[in-house]
Amino acid sequence: MEMTGTVHESSNSARTQITSLDPLYLHPSDHPVMQLVTKQFDGSNFGSWKKAITIALSAKNKLGFVNGKVTKPSANHINFDLCDIVESVLYSPTTEEVWKDLNDRFGQSNGAKLYQLQNEISDLTQRTSDLASYFTKRKK
């Protein structure tokens, strides 16, 4: 076994090398309770949470699982068992479906909230803030 990958032995005894470039690769520091982003999704911060989680997943080469670029292999493919998601836990057959569900549920714009935010932006002034703080507020 090389340091850059793990070896998976399937039920038909064929061996597959998974390198660190493969989305299925798990780094030794990756574990199930690892917190990818500091601010947890609370139902009202979907936009900023989505941006943070997208960056985190991209850095770990896992973004393809949620944006559909990494597809679930066919049932007879050697890596099928590596990609299987327990439906009783997530209620969706793929991570892409979970991501789409989150987008459908929380990614919709709220007209009243959008109007309020546009008014706050138009009323935002630098006042006593330094230039960097002012632009950070505007960007946020």
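The model is predicted, so local features need pLDDT of at least 70, side-chain atom pairs count only at pLDDT 80 or more, and totals for chains, interfaces and linings use all residues. Residues are numbered from 1 along each chain as its sequence is written, and side-chain values use heavy atoms, leaving out hydrogens and water.

**Start with the whole chain.** Colour by secondary structure and you will find 7 helices and 2 strands; helices (H or I, at least four residues) and strands (E, at least two) are DSSP runs, numbered from the N terminus. Their order from the N terminus is β-β-α-α-α-α-α-α-α. Of the 140 residues, 20% count as buried.

**Next, select residues 46-59.** This is α1, with 14 residues and a reach of 20 Å from its first C-alpha to its last, close to the 20 Å expected at 1.5 Å a residue (1.5 Å times one less than the number of residues).

**Now show its side chains.** Phe46, Trp49, Ile53, Ala56 and Leu57 are the buried ones; buried means under 20% relative accessible area, exposed over 50%, partly exposed in between (1.4 Å probe, protein chains only). They sit on the same side of α1, because they cover an arc of only 100 degrees around the axis, taken from the directions from the helix axis to the C-beta atoms.

**Last stop: Asn61.** Just after α1, Asn61 takes a positive phi of about 60 degrees.
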